[in-house]
Each structure stands twice: as C-alpha cells, then as structure tokens.
Amino acid sequence: MQRALYQALTAALAPVVVLDYVPPDQATPYVTIGDITTVEDGTKTEDGQEHTANVHVWTEGHRGRKAARELMSAIYDTLHDNEALEIDDGGSPPVATWALVMCKHEYAEVMPDPDGITMHGVTRFRIVTQG
C-alpha cells in the first residue's frame with residue numbers, strides 16, 4: 001500500500017517531495033505517508049482488505065495554512081476515487097497484486113505544529129482491496 005501511495009503522490013506533487021524518513025534539515029513543504037492500518041475484509045470466496053492511510057503535509061511561512069490546504073487538495077485530487085492505483089504486496093519483485101475496489105477521502109485537518117512556525121496537515125483515506 002505504501003508503495004502505491006508513494007508512487008501516485010510523488011508523480012502528482014512534484015517538486016514537493018514525499019518522504020518516509022524526514023532528515024532534520026528538511027526544508028518545507030514536504031509530505032509524509034503516515035500510519036497505514038489494515039484489517040481483513042474478505043469473504044469465503046475472496047480475499048479482501050480495508051486500509052486506512054494517513055498522509056501528512058508540512059508547510060511554514062506566512063502562507064503555511066493556505067499552502068497546506070493547497071497540498072491537501074492536490075492529494076485529494078490524486079487519491080480520492082482513483083481507480084488506477086496499482087497495489088501490490090510490497091515484495092521485490094511483487095508476488096501478488098491486489099485489485100482496488102475503492103479509495104475514499106475520510107478526513108482532513110490543518111493545525112499549527114508545537115514549534116509555532118510549521119503548519120501540519122493530516123488527511124486520511126479509506127482504501128478497499130480484493131486479492
């Protein structure tokens with residue numbers, strides 16, 4: 001799941017970087033893929049999973065909140081109802097590919113970071129797959 005999100009967001013948000021590890025001197029704006037939770041959602045005849053994925057946006061400066069919302073809007077446009085996300089098992093090379101059933105936006109919020117300079121946006125998507 002993380003690979004699919006990373007590939008889609010990297011292509012759509014460039015030149016803004018999408019990171020897993022954020023170096024201490026990383027300049028804003030940047031995006032991180034946060035926690036992804038997965039629960040089984042299969043039936044007797046089909047494997048299925050439901051994922052909840054959090055994507056974080058980090059901006060600062062006088063346009064911090066507006067810039068965060070603009071980035072979150074681009075993330076929404078990239079992921080919400082995107083039927084082209086390619087989801088695999090994360091292996092190298094991938095062994096199994098999952099069919100995307102849906103990707104829906106659930107939540108978004110922008111808040112000041114405790115440092116008083118940075119704005120932190122969080123947006124969440126629900127992604128259902130079948131194997």
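**View 1. V17 pairs with Y30 of strand β2.** Strand β1 (residues 17–19) and strand β2 (residues 30–40) run parallel and share three bridges. Strands here are DSSP runs of E with at least two residues, helices are runs of H or I with at least four, and both are numbered from the N terminus. Two strands count as paired if DSSP finds at least two bridges between them. The model is predicted: local features need pLDDT of at least 70, side-chain atom pairs need pLDDT 80 or more, and totals for chains, interfaces and linings use all residues. Numbering starts from 1 along each chain as its sequence is written, and side-chain values use heavy atoms, without hydrogens or water.

**View 2. Strands β2 and β3 run antiparallel.** Nine bridges join β2 to β3 (residues 48–60). E40 stands opposite Q49 of β3. In a regular strand, side chains alternate between the two faces of the sheet.

**View 3. T129 lies in strand β6 (residues 118–130).** T129 counts as buried because its relative accessibility is 1%. The cut-offs are under 20% relative accessible area for buried and over 50% for exposed, with partly exposed in between (1.4 Å probe, protein chains only). The T129 side chain makes a polar contact with the side chain of H51 at 3.2 Å. Such a contact is a pair of N or O atoms within 3.5 Å; within protein, one must be able to donate a hydrogen and the other to accept it, and residues adjacent in sequence count only if both atoms are side-chain atoms. Leaving aside neighbours within four places in sequence, T129 is in contact (heavy atoms within 4.5 Å) with residues including M1, D47, Q49, I87, W98 and L100.

**View 4. Helix α2 spans residues 64–79.** Its 16 residues reach 22 Å from first C-alpha to last, close to the 22 Å expected at 1.5 Å a residue. The expected span is 1.5 Å times one less than the number of residues. The buried residues of α2 are G64, A67, A68, L71, M72, I75, T78 and L79. They lie on the same side of α2 because they cover an arc of only 135° around the axis. That arc is taken from the directions from the helix axis to the C-beta atoms. K66 and D77 are exposed on the other side. D81 follows α2 and has a positive phi, near 60°.

**View 5. The largest nonpolar core has 26 residues.** A nonpolar core is a set of buried Ala, Val, Leu, Ile, Met, Phe, Trp, Tyr and Cys residues joined through side-chain atoms within 4.5 Å. Among those with the most contacts inside it are L9, V31, I75 and I127. α1 (2–13), β2, β3, α2, β5 (97–112) and β6 each supply at least two core residues. Not counting residues up to four places away in sequence, L9 touches V18, I33, V55, I75, T78 and L79.
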